Amino acid sequence: MIYYIDPLNKESIEKNCPSFYDIHIFDILDSTNTWLQEHSGLPEGTVILADEQTRGRGRNGRCFHSPKGSGIYCSLLLTPQENLLDVLECTAMAAVACIKAIEEQYNLACSIKWLNDILLDQKKLAGILCEGKLYQNHMEYLIIGIGINVHSFIRPKELESIAASIEDYTAIKKPRNELIAKFLTAFYSYYSKSDDFRSLYRQRLAFVQKTIQVITPQETYSAILLGVDDRCRLKIQKADGSIDYLSSGEISIRL
Ligand code: BTN
């Protein structure tokens, strides 16, 4: 349900964020990540926003519900020069930029469910899908896709207990353009290394010292979540006491 008209606007976003970005807005796309993959020759800093997505994609082949005018559906093109800067680190920067922007704009303190979900009250407010193309040992490009549920909307039944919107938790109503600019500004400060994202990442990591389920394509097992290392890998302790560092996979706390 949309309570007020909240149009996306290129100029109002651009005037509030670094000149690194070149913003393009569409009324409707199948997926902003897919569009950018098909136009990956565009310059670094290209940002694609859509007011609605018909086939918004999440991790592991899932859909990202993207109703018109309700959320932020955004993809950002990067061409990182550093070999070490990878999908994991860029996903972490985007997660921290997202929680920082939500906190500044709405005074809500979210947490991060490794690797790519932003939670409030254990419900998912936002998700990140980082996709890249490898060329001779370095990333030819990276696309950071982020979807943030902003305005309250009627959720499909299967999302009712797991997803939420920012406005389910606050009476503050502000233009999406402001949140987008705050997110892009924070992200650039981490990407350009003017600010550190790791300490906030550690502070807001969800389920520390809790028993989690680790889900990989091969197996699912229980472990204790200990934290993240400097490469943003998840540090866990397995049932046999051994320590492991995960750079992919998924976690769940539903035992
Ligand atoms: C997830 O929850 O697994 C990640 C969701 C990522 C959704 C965003 S919305 C903008 C961009 N375009 C997509 O198709 N997906 C990402």
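Asp-121 is found in the loop between β5 and β6, where helices (H or I, at least four residues) and strands (E, at least two) are DSSP runs numbered from the N terminus. What you have open is a predicted model, in which local features need pLDDT of at least 70 and side-chain atom pairs count only at pLDDT 80 or more, while totals for chains, interfaces and linings use all residues. Residues are numbered from 1 along each chain as its sequence is written, and side-chain values use heavy atoms, with hydrogens and water left out.

Stay with Asp-121 and display its backbone: phi is positive, about 55 degrees, although the residue is not a glycine. Most residues other than glycine have a negative phi, and most peptide bonds are trans. Asp-121 counts as exposed because its relative accessibility is 56%, exposed meaning over 50%, buried under 20% and partly exposed in between, with a 1.4 Å probe and protein chains only.

Next select Asn-60, in the loop between β2 (46-50) and β3, where phi is near 55 degrees, again a positive value in a residue other than glycine. Asn-60 has 54% relative accessibility and therefore counts as exposed.

The peptide bond joining Trp-114 and Leu-115 is cis, with omega about 15 degrees.

Now select the ligand and the residues around it, of which there are 21, the closest being Ser-31, Gln-53, Arg-57, Arg-59 and Lys-124; a residue is near a molecule if one of its heavy atoms lies within 4 Å of it. By class, this shell divides into six nonpolar, eleven polar and four charged residues, with Ala, Val, Leu, Ile, Met, Phe, Trp, Tyr, Cys and Pro counted as nonpolar, Asp, Glu, Lys and Arg as charged, and the others, Gly among them, as polar. Colouring by element shows that α2 (32-38), β3 (71-78), β6 (123-135) and β7 (138-149) each supply at least two residues of the shell, and that β6 gives the most, with four.

Finally, look at individual atom pairs. An N or O atom in the side chain of Ser-31 is 2.7 Å from an oxygen atom of the ligand, and a polar backbone atom of Arg-57 is likewise 2.7 Å from a ligand oxygen. At Asn-116, a polar side-chain atom lies 3.3 Å from an oxygen atom of the ligand. Of the 420 Å² of accessible area that the ligand has on its own, the protein covers 98%, as computed by the Shrake-Rupley method with a 1.4 Å probe.

Note on methods
A polar contact is a pair of N or O atoms within 3.5 Å; within protein, one must be able to donate a hydrogen and the other to accept it, and residues adjacent in sequence count only if both atoms are side-chain atoms.
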